[in-house]
Amino acid sequence: MTKEELWQAVLAQTQLTISQANFATWFKDTGIFSYKEGEILISVPNSFAKEWLENKYGKTIFKILYSLDKEIKEVKYTVGKTELKILKRVPTSLPDTGQLEFEEFKIDKETNLNPRYTFENFVVGPFNELAQAAAEAVSKKPGLVYNPLFIYGGVGLGKTHLLQAIGNAVIKNFSQKKVKYIPAEKFTAGVVSSIRNHDMEGFKTKYRTIDVLILDDVQFLAGKEKTQEEFFHTFNSLYESGKQIILSSDRPPKAIPALTERLRSRFEGGMIGDISYPDYETRIAILKTKGQEKEVNFPEEVLDYIASNIQRNIRELEGALNRLLAYQKINNQIPNLETAKSLLRNLFLSPNKVANPKKIIQAVSEFYDLKEKDIFSLSRKKEVVRPRQIAMFLFREELKSSYPFIGRKFGGKDHTTAIYACAKITKELEINENLNNEINLIRQRIFSG
Ligand code: ADP
Ligand code: MG
């Protein structure tokens with residue numbers, strides 16, 4: 001790897017682990033100035049950035065560099081050595097790769113909305129369709145349908161994207177409506193500083209004029225009683241005057257510890273929609289959409305490689321794609337499977353050791369000596385029904401597929417068939433040791449292939 005490629009890899013990888021705002025602040029205008037005898041000299045724009053990178057991200061940067069090149073023994077930082085000739089040619093900020101465009105600067109100061117998050121570029125699949133539908137309904141009739149709307153799901157699965165998309169759509173549809181997006185942590189900080197400055201009234205007035213209040217990651221309100229108190233009052237006053245409130249969290253309201261009872265019941269009073277893990281097909285669709293946005297068509301096997309290895313985080317899917325886009329940009333060549341593997345290997349903890357739909361179907365049909373198409377058929381024969389149920393069960397267990405998705409995949413049945421199949425196998429596993437062994441053997445096939 002050249003030093004430019006090394007640095008692109010560092011950027012792509014750190015971006016996965018820190019917030020976009022931090023990334024933009026600390027990594028803008030940085031680059032590798034020199035690489036000699038195991039020592040890397042990183043050039044940074046000012047001494048402030050130098051201190052931050054050294055102290056806060058130094059270890060991470062070293063780790064990434066070392067994982068890419070074992071010869072690297074030491075990383076040092078220097079201010080302002082820009083060796084302009086070189087840096088000019090090198091895209092230090094990975095232009096055109098989505099998150100790396102420092103798009104924070106396009107965020108509207110008043111609403112805190114980022115125009116990049118829209119419904120149009122939000123890919124819908126069985127795992128998020130309920131949340132998406134509710135979000136879209138709210139954006140068309142703010143304050144009138146689901147209030148509050150509470151969206152929950154794990155990290156990197158599209159909560160912020162969806163919340164922001166509602167805000168952007170409201171602004172577009174109702175130009176006179178006042179929208180405010182605010183991470184719960186920032187809201188908390190606002191409460192604290194208003195208390196300190198004895199300006200609680202000013203704070204209240206500010207929020208009470210809003211038509212659509214979007215509060216992201218409310219799990220951060222947990223335990224902060226004064227903030228919860230204030231939020232409760234703001235909530236009630238907005239709610240009673242028919243204003244829309246939208247919330248997100250990494251878990252459902254009843255699972256947020258130290259949430260005051262009245263706030264919890266308020267949260268539960270509207271519509272709750274969850275986002276689970278994207279199924280394989282949707283992961284491919286997301287990769288394709290993002291590739292097309294950048295006008296790069298990656299080979300199917302490269303997309304399959306990424307989608308099979310990253311199953312539970314859409315931000316990581318994007319991160320992997322960004323890395324390939326950076327390669328493509330620098331080398332002017334679309335990476336093939338081999339290149340993709342070497343660029344992405346260290347992103348994936350245990351390559352090969354992951355399941356995908358194809359492997360499950362293949363393993364189950366081989367194990368029971370069936371044709372793959374039998375598993376998808378509508379046959380009621382016992383020797384087919386049983387393996388089909390096992391395959392459904394494995395989709396649920398290993399891929400975290402949603403029930404509607406499983407139902408559709410297996411002969412277009414509805415989700416109750418999938419729920420029934422999974423429950424039946426789960427229950428039987430408790431008492432039937434043979435079945436246990438069978439399923440373990442199938443698992444071995446899935447994970448060794
Ligand atoms: P969360 O807030 O749940 O942690 P984000 O909303 O920040 O997740 O999503 C992480 C990244 O994945 C964002 O760049 C977002 O645009 C992208 N993303 C998430 N879900 C989707 C989706 N369904 N379609 C397209 N992009 C998505
Ligand atoms: Mg978020």
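Student: Which residues do ring pairs link into a cluster?
Tutor: This is a predicted model. A search of the whole structure finds 15 aromatic pairs. Ring pairs join eight residues into a cluster: Phe150, Phe187, Phe203, Tyr207, Phe231, Phe235, Tyr239 and Phe267.

Student: Are the rings of phenylalanine 62 and tyrosine 66 stacked or edge-to-face?
Tutor: A pair of aromatic rings is described by the distance of the centres and the angle of the planes. Here the centres are 5.9 Å apart and the planes lie at 15°. Planes under 30 degrees apart meet the cut-off, so the pair of phenylalanine 62 and tyrosine 66 is stacked.

Student: Is tyrosine 66 buried or partly exposed?
Tutor: Buried would need under 20% relative accessible area, and exposed over 50%. Tyrosine 66 has 35% relative accessibility, so tyrosine 66 counts as partly exposed.

Student: Which residue has its charged end over the ring of tyrosine 66?
Tutor: Look for a charged end 5.0 Å from the ring centre. The cut-off for such a charge is within 6 Å of the centre. The residue over tyrosine 66 is lysine 70.

Student: Which helices each supply at least two residues of the shell around ligand 1?
Tutor: The shell residues divide into six nonpolar, eight polar and five charged. Those coming nearest include His161 and Glu318. The helices are H6 (159-173) and H13 (314-331).

Definitions and conventions. Residues are numbered from 1 along each chain as its sequence is written. Chains are lettered from A and ligands numbered from 1 in the order in which they are written. This is a predicted model: local features need pLDDT of at least 70, side-chain atom pairs count only at pLDDT 80 or more; totals for chains, interfaces and linings use all residues. Side-chain values use heavy atoms; hydrogens and water are left out. A residue is near a molecule or strand if one of its heavy atoms lies within 4 Å of it. Helices (H or I, at least four residues) and strands (E, at least two) are DSSP runs, numbered from the N terminus. Ala, Val, Leu, Ile, Met, Phe, Trp, Tyr, Cys and Pro count as nonpolar, Asp, Glu, Lys and Arg as charged, and the others, Gly among them, as polar. Rings of Phe, Tyr and Trp (its six-membered ring) pair if their centres lie within 6.5 Å; planes under 30 degrees apart count as stacked, over 60 as edge-to-face and the rest as tilted. Buried means under 20% relative accessible area, exposed over 50%, partly exposed in between (1.4 Å probe, protein chains only). A charge sits over a ring if NZ of Lys or CZ of Arg is within 6 Å of the ring centre and within 35 degrees of the ring normal.
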